[in-house]
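Have the structure open as you read.

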Amino acid sequence: MTKITEVKAKVEAGKAKLVPGLVQEALDEGSAAGDILQAMIDSMGVVGEKFSAGEVFVPEMLMAAKAMSKGVEVLKPLLTGTSTSSLGTCVIGTVQGDLHDIGKNLVAMMIESAGFKVVDLGVDVSAEKFVNAVKEQENVTIVACSGLLTTTLPAMKETVQTLKTSGLAGFKVIVGGAPVSQEMADEIGADGFAPDAGSAAVKAKELVSA
Amino acid sequence: MLTKKQNLMETIKGGNPDRFVNQYEFMDIILEVPVQLMCPPGSEFKNSWGITFRWPEGQLGQFPVHDDEHKVLKDITEWRKYVKAPVIDNSDEAWAAAVAHANSIDRNEQFVTAFVAPGVFEMCHHLMSMEDALMALYEEPEAMHELIDYLTEAELNYAKILIDRLHPDALFHHDDWGSQKSSFISPAMFEEFYLPAYKKIYGFYKANGVELIVHHSDSYAANLVPYMIEMGIDIWQGVMTTNNTPELIKKYGGQISFMGDIDSGVVDFPEWTPEIVAKEVERACKNCGKLYFIPNLTQGLNFSSFPGVYDSATEAIDKMSKEMF
């Protein structure tokens, strides 16, 4: 097993204490920082798929993300500014009137692990706050709106429509949360929908690459 | 006509109920205990464990606050420093209202029901945030076992008082173990950390005269049903449609019963109509059948978020009873 394969395996297994040392060993072996980063991103993709399939649960996903973040710390000095966030910035938040944050936090973590820079606006975020974040942050490519309550679907619709009519461009809007469906996402004009955190990262990458 | 209590027992024992058990009708839940559980909308309060809950105006419930200032348990390895079980007021005066309520209930008709919330799993993440609580299961398993043992002991101490004061026939106990699509933790992790705690807690109630354990988790938790049975749950309240309730009834009916299958999110919203409620009730009753099933909104108490929804479901269930029995 090469060191880079080992890094990949240990990120997937959530071994946060082992990953930094293995990343350093992979670098010492001559692997490029970008390749190691990509290996870790791929691992998180696998973890996301397993989560979507119900094979792993929230703790495993949290541990894998922590392991990756420890590995990225070792790589950071060696990576250029753009290579850690080559997919751009994702602005994420739970829509106004909804305080649920667990699902949103998982999506933020998976999207960050996929290679985006993430700006987390928190919970109970107004449409105006989303718009302002798109204006203020650099290279926003994705805006992700989360909501758990059926009662906050109107707020999600308002957020999507406010973003779409803001005159701002260059980003796609994805929505998700328990009461959200593809049909509903289409109806309110969102560019994408994901049923869980693992597929949210896949969808975000897909939309940005399109 | 069977009493509400008899009809419930016929339903969960696989006998001959004469109608559907209609939502929470079999339990008279005693909430007048000297422990503050909720704050009114638009306010916040600190509970007896020091956990701050906030219920912003316009929201459907309260949430624990976990910013740096408010998080109670900041380091799991030092849980003893941060987590102090409250002393429960056990004076006659403090329990007078609850005891009077218990005494007013016809025990032949309904179960005198003690209420406990939150449970051990929720207590862990209320104290330290969901992320910290779940990662600690991997990173500091020994400390988590210790914390869970401590919380279990605190629950048992409260249980002693509840039993002594109210002599409950049933327990309605809240602890959400999943999201709408999956359990928060794997079955193996649940078995290691939380099953032993609940075997102690529910075993204690059963050993002290409580006939019926009703556990609330309005979530997916189909993968945890074998553990629910092992820990002594008689009825899982809050079972959502994502669990495939008819399949669960087929697989586990006789060992445990299922209460819910009418997802609150689908019927309990500002634009609700009696037609939407009736349609969902009919689907649930017809799909799940007459035994080991209690049609009910998945919400964890006998009301709805929007006025009229709960009563509308009650009427629709009565209608289905007339049609199907």
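## Ground rules

Helices (H or I, at least four residues) and strands (E, at least two) are DSSP runs, numbered from the N terminus. This is a predicted model: local features need pLDDT of at least 70, side-chain atom pairs count only at pLDDT 80 or more, and totals for chains, interfaces and linings use all residues. Residues are numbered from 1 along each chain as its sequence is written, while chains are lettered from A and ligands numbered from 1 in the order in which they are written.

## Annotated regions

In chain B, an unreviewed UniProt entry places "domain: Uroporphyrinogen decarboxylase (URO-D)" at residues 110-303. That stretch of chain B is 51% helix and 16% strand, with its end C-alpha atoms 18 Å apart.

For chain A, UniProt (unreviewed entry) lists "domain: B12-binding" at residues 87-210. Here the span is 44% helix and 19% strand, and the end C-alpha atoms lie 12 Å apart. UniProt positions follow the numbering used here, feature names are shortened, and annotations may be inferred rather than shown by experiment.

## The sheet of chain A

Chain A has an open sheet of five strands with parallel pairing, in the order S2-S1-S3-S4-S5 (strands pair if DSSP finds at least two bridges between them). Strands S2 (117-120) and S5 (192-193) of chain A stand at the edges with a single partner strand each, so one side of each is left without a neighbour in the sheet. S3 (residues 140-146) and S4 (residues 172-176) of chain A pair over five bridges; Val143(A) has Val173(A) as its bridge partner.

## Where the chains meet

In this model, 19 residues of chain A are in contact with 22 residues of chain B (C-beta atoms, placed from the backbone, within 7 Å). On the chain A side, H4(A) gives the most, with five residues.

Methods
Contact = placed C-beta atoms within 7 Å.
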